[in-house]
Amino acid sequence: MKKHSIAIGTLLFVVLMALILVTVKKGNYYRISAEAAHQVTLSSTVFVTPKTMDSLCPNPLLLLLSEVSEKDALALDSFVSLKIKPTELLSPDNKKAFNKHSGELLIYSQDKEKAANTWVLLSRMGFKKLFVFDEEGVSEFNYSFEAKGLSE
Amino acid sequence: MNSRVFLSLLLIGLALVLVLLPENNIKKNQLRPLEYSAGLDKLIEPMGIDQAARHLANTDSTIQCIDIRQPEAFLYCHIPGAINIPYPQLFDKNRQGYLNPTQKTNVIYANDDLQSHMAVALLKSEGYTNNKVLQGGLNAWFGQVMEAAFSGGRISARENALYENRRKAKQLFTEWNSLPDSLKNTYLETKILDEAKLDGGCE
């Protein structure tokens, strides 16, 4: 009886450990919450323009989610780049390349929505020093508005 | 070794492993990272300015605009009916009801669409999928709606319809932002009532 319970206990432990190790190995879970990722965007700027490139992002690995437009090519030509299909962002090869690079990761896409979604995904997967390239950065309001009386 | 001691040690070992595991941040309705990544090719289309103008001109109650700029900018002027949730307050607990609607679609805007895209992406990763971006933000709204002008030449029926929508939306925007805050909600309700009367609806 004693031997039985020890054997069952050991078997259960081994099975549970195997399940846990498989889950950890798959890596299909977020390291940080969406709220924590949001806090990152508040505590430091994540948008890099050609003017702020040198100070924020001096040694980036460029993650190209689309072709580089002509106006952006001048600012980005000199950097090491990795062309990525967005749907294969979390492939083992890509993750290895991201981890291997010691500098910043700079996401580029002509589609801002894709760039933002990629930033959120990689940030929640635990990657730090992560930025999005945008030629203009966050804009101010460019117009003035004059309140008028109601029309008849 | 006593079997009870052995089993206890096993359980303690298991508990330690579970404690040391990384926290699983997946909530209900959230996509796991691989599923999220697989959906990066099929993102939500932003709402165009003319589409937003049409919804506004028709006082469409299935659309809710959310202005993520700072309160001072919101008070200066904003799209009629919009509610203000400044970007830093996006994850405040008392705002979650607005950001995860079941019967409306939120159209999120700022001065341009860069910060709005980030806001929508963060909300989407939280499992809130009923949000979309106003393409180009308020700067694009002003450029396309507030500064729309009729050239005087012949235009097609489609161009005429576009111009009419922009004109109505511009009028609504100007009237709304000229009102004191206490009258703004009443104004929108009156607009909805006027439309119903024209359609022959009941008061």
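At the start of helix H6 of chain A, a side-chain oxygen of A:Asp111 comes to within 3.0 Å of the backbone nitrogen of A:Glu113. Keep in mind that this is a predicted model.

Let's stay with H6(A) for a bit. The helix has 13 residues and reaches 18 Å from its first C-alpha to its last, close to the 18 Å expected at 1.5 Å a residue. Is H6(A) mostly covered or mostly open? It's mostly covered, with 12 of its 13 residues buried. Among the buried ones are A:Glu113, A:Lys114, A:Trp119 and A:Arg124. Just after the helix, A:Gly126 has a positive phi of about 105°.

Now for the place where the two chains meet. Chain A puts 54 residues into the contact, while chain B puts in 58 residues.

How many salt bridges are there between chain A and chain B? The count is 2. In a salt bridge between the chains, the side chain of A:Lys112 meets that of B:Asp113, at 3.4 Å from N to O. There are also 13 residue pairs in polar contact between chain A and chain B, both residues being at pLDDT 80 or more. On chain A, helix H1 (2-26), helix H2 (34-43) and helix H6 (112-124) each supply at least two residues of the side that touches chain B. That side of chain A divides into 28 nonpolar, 15 polar and 11 charged residues.

Finally, let's look at two loop residues of chain A. A:Cys57 sits between helix H3 (53-56) and strand E2, and A:Ser69 sits between strand E2 (60-64) and helix H4 (70-76). The table lists their contacts, leaving aside neighbours within four places in sequence.

| Residue | Relative accessibility | Contacts |
|---|---|---|
| A:Cys57 | 0% | A:Val48, A:Thr52, A:Glu104, A:Leu106, A:Phe131 |
| A:Ser69 | 13% | A:Tyr108, A:Gln110 |

Why does A:Ser69 count as buried? Its relative accessibility is 13%, so A:Ser69 falls under the 20% cut-off for buried. A:Cys57 is buried too, because its relative accessible area is 0%. One more thing about A:Cys57: A:Phe13 is 44 residues from it in sequence, and the two lie 47 Å apart in space, C-alpha to C-alpha.

Terms used
Residues are numbered from 1 along each chain as its sequence is written. Chains are lettered from A and ligands numbered from 1 in the order in which they are written. This is a predicted model: local features need pLDDT of at least 70, side-chain atom pairs count only at pLDDT 80 or more; totals for chains, interfaces and linings use all residues. Side-chain values use heavy atoms; hydrogens and water are left out. Helices (H or I, at least four residues) and strands (E, at least two) are DSSP runs, numbered from the N terminus. Buried means under 20% relative accessible area, exposed over 50%, partly exposed in between (1.4 Å probe, protein chains only). Contact means heavy atoms within 4.5 Å. A salt bridge is a side-chain nitrogen of Lys or Arg within 4 Å of a carboxyl oxygen of Asp or Glu. A polar contact is a pair of N or O atoms within 3.5 Å; within protein, one must be able to donate a hydrogen and the other to accept it, and residues adjacent in sequence count only if both atoms are side-chain atoms. Ala, Val, Leu, Ile, Met, Phe, Trp, Tyr, Cys and Pro count as nonpolar, Asp, Glu, Lys and Arg as charged, and the others, Gly among them, as polar. The expected span of a helix is 1.5 Å times one less than its number of residues.
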